[in-house]
Amino acid sequence: MIKEISEEEAFKLAEGADEFPVLVKEENDGSESAVCLKKFPTGFVLGVSCDTKEVFKLYYSEDYDELFDKCEYYLEIMRKKGHPFEDLD
C-alpha cells in the first residue's frame, strides 16, 4: 500500500539510518523538477517535486514494485510535460 507522507513522517522513517540509496532519479533543470526513489530502513520513499510550481509530494511503501510503478507514472509525465504533475500547466 502506498501512503502519501509529510516531510516530518519521512524524517521519522529515516531515523537510525546513515545512508539512503537512490534507486531511481531523474531531473528536469528547466522546470527544476525531480522524481527520486530511495531505499529507507523500513521501505521505500518516492519524492516528486517541481520547484517552479512550488509542489512537493512524498510517498512511502514497503512494496518496491508498487512504488516503482508510481515512480514510472511521474517520470512519464515529466518526460512529456517537463514537470511531473499532470494537473499543472
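Trainee: Why is Arg79 called exposed?
Mentor: Its relative accessible area is 51%, and exposed means over 50%, buried under 20%, partly exposed in between (1.4 Å probe, protein chains only). Arg79 is therefore exposed. This is a predicted model, in which local features need pLDDT of at least 70 and side-chain atom pairs pLDDT 80 or more, while totals for chains, interfaces and linings use all residues. Residues are numbered from 1 along each chain as its sequence is written, and side-chain values use heavy atoms, with hydrogens and water left out.

Trainee: What makes Glu26 and Arg79 a salt bridge?
Mentor: The closest N and O atoms of Glu26 and Arg79 are 2.8 Å apart. A salt bridge needs a side-chain nitrogen of Lys or Arg within 4 Å of a carboxyl oxygen of Asp or Glu, so the pair qualifies. Glu26 lies in strand E2 and Arg79 in helix H2, so the bridge ties together parts 53 residues apart in sequence. Glu26 itself is partly exposed, at 24%.

Trainee: How many salt bridges does a search of the whole structure find?
Mentor: Four. Among them is Glu76 with Lys80, where the closest N and O atoms are 3.2 Å apart. These two residues are four apart in H2, which means about one helical turn between them. Glu76 is partly exposed at 44%, whereas Lys80 is exposed at 66%. Another is Glu27 with Lys25, at 3.6 Å; Lys25 has 52% relative accessibility and counts as exposed.

Trainee: What makes residues 64-81 helix H2?
Mentor: Helices are DSSP runs of H or I with at least four residues, and strands are runs of E with at least two, numbered from the N terminus. H2 has 18 residues. From its first C-alpha to its last it reaches 26 Å, close to the 26 Å expected at 1.5 Å a residue, the expected span being 1.5 Å times one less than the number of residues.

Trainee: Which residue follows H2?
Mentor: Gly82, with a positive phi near 95°.
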